[in-house]
Amino acid sequence: MRILSAIPTMLRVGFSSAVAYRAEFLVWILTTNTPLIMLLVWSSVAREEPLGRMGQEELGAYFLAALIVRLLTGSWVVWDMVFEIRQGEIAMRLLRPVHPFLAYAAENVAALPLRALVALPVAVVALAWLGADQLSSDPLAWAFVPLSIAGAWLITFFAMAAIGSLGFFWESTLSVYDLWLGLFFVFSGYTVPLELFPPEIGAAIEWLPFRFLLSFPVEVMLGLVDRSAMVTGFVAQWLYVVLFALVAQAIWRAGLRRYAAYGG
Amino acid sequence: MLSVRNLVKHYRVHRRRPGLLPALASVFRRRYTVVRAVDGISFEIGAGERVGFLGPNGAGKTTTLKMLAGLLHPTSGEISVAGHVPFRRERDFLRSIMLVTGQKQQLLWDLPPAETFELNRAVYEIPRDEYRRTLAELVDLLDLGDLIHKPTRQLSLGERMKCELAAALLHRPRVLFLDEPTIGLDVTMQAAVRDFIREYNERHGATVLLTSHYMDDVAALAPRVIVIDRGRLIYDGSLENLVRQIRPDKRVTFRLEGPLPPVEWARFGASVVAQDEARIQLQVHGGRLRELVSWALGQLPVADLVVEDPPLEEVLSELFARRHEEGE
Amino acid sequence: MLRYLRLFGIQLRTSALLGMQYRLDFVLDALMTLFWTASSLVPLVVLFHQRSDIGGWSWPQALLVVGFFTVLRGVIEGAIQPALQNVVELVRKGMLDFLLLKPADSQFLVSTSRFEIWRGVDVLAGALILVWALVELEHVPTPLQALSSLALLCGAVVILYSIWIAVVALALRVVKVDNLTYFFSSVFEAARWPAPVYRGALNFVFTFVIPLIVMTSYPALAIVGELEGRAIFFSLAGALVFALAARLVWLRALRSYTSAGG
């Protein structure tokens, strides 16, 4: 654990790196506009009468919160890993006395201030437009917000790291990621608030990992879940964090063994 | 410092004929061929030695270096580097070695090298004042000056390689593996890198194992060479001995002041390598050199003469050619 | 003209051969494309589970929009985007000059330099969705309706192509432009939804500036005969304006590229 002392420097250098790529970064962030389109779609439907308990304002708050969570939990480690494995550059990481996951994580987290910079105006607009009424009034919920966002980020990161590690075995790993992303779009609440699914399906979706990547933090932020559902959701989320971390590490180790047997 | 015993690395290569059907068939039954990249080599290198690692393309040099650096797992055999088994990739091991290759880089592309240095300081846990001292020394030795504050992408290939070396040496590795460190560099830059490596080795007593296509690198840097071919060790010893053993002949070049009369060079056992109006270069066995030179000085319009060993490239290609003829 | 048709055929064939090289990957790509097309129908299905219309557009009508959207995305991903990416790559490696040396129109060569045939499965998937929607509507388009919606679809392809060519022209100056195409793709996603979703200023922008509504909602209206002739005429005229503007931008960019000396 001595290596933890390296983290501040890793974060600082990662931040400089993100700043060096700020133009690309901005474009990438701007491509995250699906929640805004979905906001228009759903609120145009809810104009005459609310969908269940969600009226136009609730849907507005939902999708703006979804946009903020998505901006804060983004990661790109899967592309980096696939690229570096294919190009053999992964060797340079393996030579360093620090687990590559930690290095990748630092690079991704370091970009957070830039992401927050974009997320902030969204939050301001949302507050100005909808007021604070839409937000949860439970202080306990607000204690859970950062934790649930951190959990969402960790699941995203480890899922990507697991898929990226498959790159040791197979060149077309990004197709697997596409599959994951497709499921994410449908089942995370990114395009459809999960409570609008027919109840029979909704109950199942609630326990898939995807909800904990996006919908869950949003629900906590907006007070859409009561305290007990919040606590069970939180436990489930962090169990997924542990599960994905273990899976990622297992695939990584298997991949490394294969890499060491066949070479890059 | 570094010992290798009966090192073997075999790859099983999956053979597949092109086309969709064979691709499908291969899902069920795979055919493999075994490639013996490294086939039982042993050597020892003492602390502070500089050793050149030679062999034709595909001889197993890079594979061996990767095994020594812990990137590849040997099929069998034992390796010990700085008291560690490389493939365990223990932190202390990783902190005492470094691999520099001319083709892959660790510098962050869009940031100045100084940022990568700083990152390495943290990752290798180098104490601050030691880091400052080492960095100052490296900047001085490599003549880096302000380069380390320019974004890497703006540096020339040579400048980048120098910064790459600095990044690799900040943690003062005790063992340094260099894989084609001068590839693509111009002649002056090659010489600069070469001088630096020797200087670094002499100052800090680091063990250096180097592969290079440029024989000048090896000739200038490595008193000892290990030659492998098709995964097997075929020579381990001083460079001087290797040359003497394979090619006992010398090259003599005469600069001429006037036209050359016809000469029967064969009577000295010599042959003409190159000739033009002003110069003639001959190849002659070391034992008859004296005889030839004294005759030529007496009989021919010689202005000047130079005696050299044959180029290392030729020595090596002859070594490999001989082995292949012997049916190995 | 005939010469260019033949050239087009040759470029297409080269890309097909290239595609065959990695067919397993490409089949996989095609499958992923279909998966995405199917999964992106989910929000629509859920929405119509809750409601019977979006701003007056029924389920099969909204499905028509999705059908045209899917066809167009197939064209973008199969033909327009690969060519663009290829040009950006050529500019980066300094190899665009070789292409410009060839004795044919540069814009033509640039825009036909690479196809990704397998991505084109979306065109088929979109066609199937259109058929499905028409069956649900129990509507058989008259020849005039079919023709006008087809004309609008071609107009949409021209508009998309023109926007992309303008982006390529930009690539001649600013190399790191490929990110912009991701951005445009993500904006194009908005074309998946029928016109009433976009109101006020956004409706104006998506009709006249980035005419997403013209590209997908108009053909969906035309095929059931609900679009006035005037709107069809102005849409096609608009497409022509886009094409001419793109041509001008391209020629200007090329002039400054060649005079800059690469």
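Author: Strand β3 of chain B (residues 50-54) pairs in the parallel sense with strand β8 (residues 224-229) of chain B over four bridges, where strands are DSSP runs (E) of at least two residues, numbered from the N terminus, and two strands pair if DSSP finds at least two bridges between them. In this pairing Leu54(B) stands opposite Val227(B) of β8(B). β3(B) also pairs with strand β7 (residues 207-211) of chain B, again in the parallel sense and over four bridges, and there Gly52(B) stands opposite Leu210(B).

This is a predicted model, in which local features need pLDDT of at least 70 and side-chain atom pairs count only at pLDDT 80 or more, while totals for chains, interfaces and linings use all residues. Residues are numbered from 1 along each chain as its sequence is written, chains are lettered from A and ligands numbered from 1 in the order in which they are written, and side-chain values use heavy atoms, with hydrogens and water left out.

Five of the five residues of β3(B) are buried, so the strand is largely enclosed by the rest of the structure; buried means under 20% relative accessible area, with a 1.4 Å probe and protein chains only. Arg50(B), Gly52(B) and Leu54(B) lie on one side and Val51(B) and Phe53(B) on the other, and both faces are covered.

Technical notes. Buried < 20%, exposed > 50% of the residue type's maximum accessible area, 1.4 Å probe, protein only.
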